[in-house]
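Work through the exercises below with the model open. Try each task before reading its solution.

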Amino acid sequence: MGQYQPALIMFMVTFIVTTLLFVPATRISFKSDLTNFYWRGFWTLLAIISSLAGGMNTLMLMRVEAQAFSEAVLAGVMAAYVLFVMFAWFRLVGVAAFSFLKPRIAALTAS
């Protein structure tokens with residue numbers, strides 16, 4: 001049992017941190033569906049990264065050889081997270097700019 005105690009502690013820490021990362025996504029809601037989608041996606045991807053990293057370390061503590069595959073999956077998910085955040089930022093800025101400029105363009109064309 002002594003060899004599994006560190007892995008059990010790591011698993012519990014991973015579970016708690018991952019669960020806490022879902023709290024903002026479920027407790028905070030915005031009026032806009034688009035903003036809600038990106039808010040929940042942001043926190044969900046963070047929770048997935050946390051669970052994958054914790055799972056990888058839990059397996060390492062149990063001396064299971066899965067490091068190469070785990071690192072590849074984690075790198076892919078982290079790249080997807082960065083692309084998701086960048087796309088969300090550009091899209092939200094674009095929607096805000098369009099909603100700001102639309103009445104002004106309509107006023108110029110109506111004149």
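The buried residues of α3 pack against α1 (5-21), α2 (23-27) and α4 (67-110); contact means heavy atoms within 4.5 Å, and helices are DSSP runs (H or I, at least four residues) numbered from the N terminus. This is a predicted model: local features need pLDDT of at least 70, side-chain atom pairs count only at pLDDT 80 or more, and totals for chains, interfaces and linings use all residues. Residues are numbered from 1 along each chain as its sequence is written, and side-chain values use heavy atoms, with hydrogens and water left out.

**Exercise 1. Check the length of α3 (residues 33-61).**

Step 1. Take the expected span as 1.5 Å times one less than the number of residues.
Step 2. For the 29 residues of α3, that gives 42 Å.
Step 3. Compare the end C-alpha atoms: they are 42 Å apart, which agrees.

**Exercise 2. Inspect what flanks α3.**

Step 1. Go to the start of α3. A side-chain oxygen of Ser32 comes to within 3.3 Å of the backbone nitrogen of Leu34.
Step 2. Arg63 follows α3. Arg63 is not a glycine, yet has a positive phi of about 60 degrees.

**Exercise 3. How do α1 and α3 pack?**

Step 1. Read the geometry: an angle of about 180 degrees, with the axes 9 Å apart. Axes are lines fitted to C-alpha atoms over the stretch in contact, and angles run from 0 to 180 degrees between N-to-C directions.
Step 2. Classify. α1 and α3 are therefore roughly antiparallel (over 145 degrees).
Step 3. Find the partners. Met10, Phe11 and Leu21 are among the α1 residues that meet α3, whose side includes Trp43, Ala47 and Leu61.

**Exercise 4. Which residues make up the largest nonpolar core?**

Step 1. Apply the rule: buried Ala, Val, Leu, Ile, Met, Phe, Trp, Tyr and Cys residues joined through side-chain atoms within 4.5 Å.
Step 2. List the 10 residues: Leu34, Tyr38, Leu45, Ile49, Met56, Leu74, Val77, Tyr81, Phe84 and Ala88. α3 and α4 each supply at least two.
Step 3. Zoom in on Ile49. Not counting residues up to four places away in sequence, Ile49 touches Leu74, Val77, Met78 and Tyr81.

Note on methods
A polar contact is a pair of N or O atoms within 3.5 Å; within protein, one must be able to donate a hydrogen and the other to accept it, and residues adjacent in sequence count only if both atoms are side-chain atoms. Buried means under 20% relative accessible area, exposed over 50%, partly exposed in between (1.4 Å probe, protein chains only). Angles under 35 degrees count as roughly parallel, over 145 as roughly antiparallel, 65 to 115 as roughly perpendicular and the rest as oblique.
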